Amino acid sequence: MGLTRRVIPFTRLARGDLGLVGGKNASLGELTVQLASAGVTVPPGFATTADAYGELLDGHDLRTRIQEQLDRYRDGVALEDVGAAIRSLIMAEPLPEALRHEVTAAYEALGRELGRAVPEVAVRSSATAEDLPEASFAGQQETYLNVSGTEQLLRSVHRCFASLYTDRAIDYRERMGFDHLGVALSVGVQAMVRSDLAGAGVIFTLDPETGFPEVVVVSAAWGLGETVVSGQTDPDEYTVFKPSLKDPALDPVIDVRVGAKRRKAVYAAGGLTETVDTTAEERGRRVLTDAEARRLAAWAVAVEEHYGCPMDLEWAKDGITGELAIVQARPETVQSRRRSTTLRRCRLTGMPGDVLAEGIAVGEVIGAGPVCRLDTPVDLDRFPAGAVLVTSVTDPDWEPIMKRAAAIVTDHGGRTSHAAIVSRELGVPAVVGTGNATEALPDGRPVTVSCTEGSRGRVYAGLVPYEETETDLAALPATRTRVMLNLADPSAAFRWWRLPADGVGLARLEFIVAHQVKVHPMALVHPERLDAADRRAVDQLTEGYLDRTRYFTDRLAYGIARIAASRWPDPVIVRTSDFKTNEYAKLLGGRPFEPVEANPMIGWRGASRYHSEGYREGFALECRALRRVRDEMGLTNVIVMIPFCRSLPEADKVLDVMAGEGLRRGENGLKVYVMAEIPANVLLAREFAGRFDGFSIGSNDLTQLTLGVDRDSEALADVFDENDPAVTGLIRILVQRAQAVGRPVGLCGQRPSDDPAFAAFLVGIGIDSLSVAPDSFPAVKQHVATAECAEPAV
């Protein structure tokens with residue numbers, strides 16, 4: 001068919017051309033032609049065809065000679081010997097003259113389009129079997145960046161053809177059952193984006209770890225994108241909430257995590273690329289602004305909607321023009337294949353040993369075995385099946401080893417690195433970006449790798465017992481009583497999105513402060529009251545913030561937003577901070593602001609702090625974070641809840657402070673609840689109901705204050721009983737009085753999880769909701785359904 005059978009510009013390709021130019025190039029053509037109206041920018045280029053590759057194989061009976069080598073592999077010859085032999089055969093066969101001519105002509109035409117005689121281009125392999133919904137060949141073949149000049153281009157094209165038979169590609173096709181000679185290779189030639197002078201990265205249109213579909217996750221690092229994909233650097237990560245993305249008045253960026261970004265890929269002096277260290281200033285600075293993250297996310301959503309499936313894209317920013325571009329797009333092939341109605345859960349059942357290394361958790365599973373520390377992937381023979389692979393960084397050459405591993409641990413990499421992507425596909429836990437695993441984990445030592453404790457993965461000493469369970473969520477019964485979740489850790493919130501919960505009944509703000517903010521809010525308002533050591537520590541923690549209080553509101557808002565997004569649009573009840581004074585004092589910079597109390601459990605805590613001179617400015621920061629989440633990010637499903645409110649005048653004072661910070665009950669749909677954990681809240685339920693929109697029973701504190709028992713006292717543990725008639729009587733009274741004036745009542749606590757009879761009691765008195773830990777949800781849902789079918793309590 002002449003020229004069009006060997007070389008085709010992107011503008012004449014579509015996703016239906018996968019058999020002609022492979023998934024990668026077909027997708028670039030689809031984006032170029034179909035997504036321009038959505039504003040998506042794709043650098044121009046062209047692709048060689050499968051027919052052109054076939055012409056190369058037709059020379060000197062190359063197909064037969066390749067098949068002979070593959071037969072040797074199946075007869076037991078080493079993979080690396082067979083792969084090297086096939087690649088040598090392909091490189092020894094000259095490119096057909098017609099192909100050389102057409103590639104040269106297309107390259108010159110691209111130069112005229114760009115206004116440069118010798119343009120720099122990216123040369124990427126695109127196999128005709130890659131980017132299928134059932135398999136991902138991403139990274140199996142070679143890519144060459146900053147290629148310039150005809151001869152370098154033709155040499156790179158030839159090398160791409162040979163890379164169809166890299167060791168990793170042969171192994172992958174064998175494992176996936178693909179016919180080697182039935183797969184052809186196309187080469188994409190695309191104008192380079194000068195991201196070596198700016199940044200690049202990866203976009204997923206769902207959370208790559210959990211499959212949560214309502215966010216776009218953008219990874220970003222300085223320089224060319226190969227360091228992000230390969231895992232050589234720890235990138236920034238921007239989480240964008242899709243529902244808020246639809247409203248231009250809202251800021252949909254609900255989380256930003258600044259990565260270390262210690263390395264970047266740049267143009268090399270003699271052509272192609274090299275990797276260099278970043279500067280200290282680059283490591284601390286964000287690669288993208290919120291506006292840029294939003295634009296990339298909007299493009300990604302447009303691509304996802306066009307394709308009708310979750311997508312994995314690569315982007316780049318030009319450091320000369322400042323323009324953003326999409327340079328690759330493929331269907332996401334791991335999370336999108338999971339059954340959304342099945343919840344797989346792993347948990348440690350034994351006491352963990354010492355934490356030997358810690359990093360980013362990948363996989364939500366657990367693996368254990370002896371450490372096998374490798375520097376290169378050529379040591380396949382000395383890697384025993386079921387060992388824990390420990391190395392600095394992985395690339396596709398590691399895949400034959402990775403598939404034999406019980407777990408993977410790397411020094412470098414983020415959630416979109418090669419190690420992370422492949423481990424998810426294999427179902428193997430990985431802890432990436434530890435920084436020191438190759439030094440901290442001795443060869444041969446038994447370890448347990450846990451990725452089930454939130455966003456941080458941990459490598460424990462020894463073989464810790466664990467269990468795996470699966471729950472069919474579709475089999476859970478519907479209930480009249482709402483069953484909600486208690487969530488504290490924002491980094492783990494997305495993992496529970498599949499649970500058919502009715503929202504979040506308790507999100508504890510103090511957990512976010514302790515684990516993500518890490519500093520006392522008053523220390524940011526009044527740094528002059530800190531000693532020199534704490535002042536230095538605060539300065540280091542808040543580096544990059546001219547206004548230190550903005551650090552607090554940013555980190556707090558991001559944490560709240562992740563939890564609220566995970567259950568949108570169902571209600572998410574966020575309890576304002578309820579540290580005791582001794583707990584506040586342990587925060588960085590906290591001691592100058594906290595008195596020493598004999599019994600902090602019934603001291604200066606909860607609502608009493610919010611209007612007092614000693615903490616009012618700190619509470620104002622909490623309010624600003626909550627207002628940002630609701631009004632700026634658009635997560636209006638957040639309900640604010642006030643803990644430990646002792647009296648009606650105290651309630652009025654707190655509501656006045658909130659209104660002064662822009663959180664006025666009723667405005668923008670804001671509801672404010674109160675914890676019912678003091679007998680006064682029950683006795684004056686009608687009066688509290690006039691000030692608040694709902695109640696949530698804190699059964700631990702209510703039991704403590706009803707029975708006069710310190711809930712932390714070991715000596716009185718046998719007296720502390722939520723089933724005591726005095727406690728259950730107060731709960732019954734509260735439900736009756738609150739519901740009589742139209743106020744809902746819930747209970748957030750562990751007791752319904754541990755005691756089905758207590759859950760049945762609550763259902764019997766008509767409580768509106770129960771809120772339980774996520775791992776208890778399936779069992780409690782069953783308990784509630786059983787209780788609802790029983791005779792109502794009298």
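## A charged patch on the surface

Asp75 sits in the loop between α3 (62-74) and α4 (79-92), where helices are DSSP runs of H or I with at least four residues and strands are runs of E with at least two, numbered from the N terminus. The model is a predicted one, in which local features need pLDDT of at least 70 and side-chain atom pairs count only at pLDDT 80 or more, while totals for chains, interfaces and linings use all residues. Residues are numbered from 1 along each chain as its sequence is written, and side-chain values use heavy atoms, with hydrogens and water left out.

With a relative accessibility of 68%, Asp75 counts as exposed, a class that begins over 50%, whereas buried means under 20% and partly exposed lies in between (1.4 Å probe, protein chains only).

## Annotated domains

UniProt, in an unreviewed entry, lists residues 383-454 as "domain: PEP-utilising enzyme mobile", and its positions follow the numbering used here, with shortened feature names and annotations that may be inferred rather than shown by experiment.

Over residues 474-788 the chain is 45% helix and 12% strand, with the end C-alpha atoms 19 Å apart.

Tyr460 belongs to strand β21 (residues 456-461) and is buried, its relative accessible area being 5%. The C-alpha atom of Tyr460 is separated by 5.6 Å from that of Val447, which is 13 residues apart from Tyr460 along the chain.

Asn25, in helix α1 (residues 18-34), is also buried, with a relative accessible area of 1%. Between Asn25 and Trp398 there are 25 Å in space, C-alpha to C-alpha, and the two are 373 residues apart in sequence.

## Salt bridges

Side chains of opposite charge can pair when their charged atoms come close. The structure holds 51 salt bridges, each defined as a side-chain nitrogen of Lys or Arg within 4 Å of a carboxyl oxygen of Asp or Glu. One of them joins Glu281 to Arg285, with the closest N and O atoms 2.4 Å apart; Glu281 is partly exposed at 47% relative accessibility, and Arg285 is likewise partly exposed at 37%.

Another salt bridge brings together the side chains of Asp701 and Arg605 (2.9 Å, N to O). This pair links distant parts of the chain, 96 residues apart, with Asp701 in helix α25 (residues 699-707) and Arg605 in the loop between α19 (581-585) and α20 (607-610). Asp701 is buried at 3% relative accessibility, and Arg605 is buried at 0%. Arg751 and Glu722 also form a salt bridge, their closest N and O atoms being 3.4 Å apart. Because Arg751 lies in helix α27 (residues 751-754) and Glu722 in the loop between α25 and α26 (725-740), this pair ties together parts that are 29 residues apart in sequence. Both Arg751 and Glu722 are buried. Finally, salt bridges with shared partners join Glu358, Glu453, Arg456 and Arg458 into one network.
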